[in-house]
Amino acid sequence: MKNYNVLHILELFHIYKGMGYQEKHDFYQKKCDYYQFFVKLILILSGFASLSYLVSDYQLNGNTIMPTLLPRTFILIPLAFYILLEPRAKSYKTKTFLNYLFLNLIVFATIWSVYHLEIKTHFSEGATIMNFIFLICCLSARPCFGLMGYGVFFAEILISHQVNHYENLDVIISLNVPCFVGIMFVHCILNLGEFERYLTARQLQLALITDPLTTVYNRHRMNQLIEDNRIISDEEQISLLLLDIDFFKTVNDTYGHYAGDQVLHFLGITLMQEIPEHGTAIRFGGEEFVIILPGYPAKEAYLWAEELRKKIASSKESPLEFHISAGVVQYNGDFEKSLQAADHALYHAKESGRNCVFWDSDFQAQPRDGQIG
């Protein structure tokens, strides 16, 4: 079990603060997706449960519920809209907005009902009970949204005091302020705990799609890109490269498989250092690697591959002297055919003497005539 302490919490907070906007958005989206069903269920049940206060209204108003019947049943209208709109919302921001809007409408309906009660002092208990729902809502929200939700809550109390004239406003505030402080503190701690779960899940996901030897992606990642259609783009040209190590079998036979692993590791590290920001390097199998370069026309991809080939051939940091060959094609929207064309281009590079890059400008995806190491 994880040993939590102040230093660990501060470390999580430091990591969280260092994340970019998109990473934080991804975290909160996953957090909302995970907890939203539970939050929605509690809010819907709370909406229906608020109708049960008609019983206490009956007791406080001299055996009649007529004055509070309309404000109590009013909550059914926003409840119906909440049930209708919440499933249509995709963004965590929209879902969180709907959650806190509906919660504060429950508060509004309660305040409206209190206006019709002869004894208003019991609103202090009702307002305090609302903190339980605020605590539930924080599960799927980011802390700043919880802060804004509470801001509306206290504004409703203070503004309604101008009409309801609470005799015990000081008690209402003194009961709810500590609840607010405590729940926001718990909100922040729970948020960091959920953030650590997110980091762990992301590390596990990365491990599933990363080749441990070369540190580049593995074929699982390539399958993800194909299934999600994330390679296709109508706005930019994309190039596909297939490269491998020349005479890699000879390296293994002469120096041993450990030396071969060192060569593969060095190549993977070099690819991660040299690949453009939005490029993707994938270990396709053995000593073969697929490179996807968004925003690169085939000619630019060819020049990039040439620079990579020269750098590897002249590197002083390489564990062994080795060379690579590569085939370059323009991606045409069909990954399988594009990969076949890159494979055909690589075959031509091998036929041309290896240690070179071949650009198949004609894109004729033909099968190999034979195998060349």
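1. Two strands are said to pair if DSSP finds at least two bridges between them, and the elements named here are DSSP runs numbered from the N terminus, with helices being H or I runs of at least four residues and strands being E runs of at least two. By these terms, β2 and strand β3 (residues 288-294) pair in the antiparallel sense over five bridges, and A281 has I291 in β3 as its bridge partner.

2. The model is a predicted one, in which local features need pLDDT of at least 70 and side-chain atom pairs count only at pLDDT 80 or more, whereas totals for chains, interfaces and linings use all residues. Residues are numbered from 1 along each chain as its sequence is written, and side-chain values use heavy atoms, with hydrogens and water left out.

3. The sheet to look at is open and mixed in its pairing, with five strands in the order β2-β3-β1-β4-β5. Its edge strands, each of which pairs on one side only, are β2 (280-285) and β5 (357-359). Neighbouring strands are turned by 20° against each other on average, direction ignored, where axes are lines fitted to C-alpha atoms, for helices over the stretch in contact, and angles run from 0 to 180 degrees between N-to-C directions.

4. Helix α13 (residues 298-314) touches β1 (238-245), β3, β4 (324-330) and β5, and its direction makes about 170° with that of β4. Helix α14 (residues 335-351) touches β1, β2, β3, β4 and β5, and the direction of α14 makes about 140° with that of β4.

5. β4 runs antiparallel to β1, to which seven bridges join it, and in β4 the residue opposite D244 is S325. With β5, by contrast, β4 runs parallel over three bridges, and V328 stands opposite W359 in β5.

6. Leaving aside residues up to four places away in sequence, S160 touches I111, H165 and Y166. The side chains of S160 and Y166 are also joined by a polar contact of 2.8 Å, a term for a pair of N or O atoms within 3.5 Å; within protein, one must be able to donate a hydrogen and the other to accept it, and residues adjacent in sequence count only if both atoms are side-chain atoms.

Terms used:
Contact means heavy atoms within 4.5 Å.
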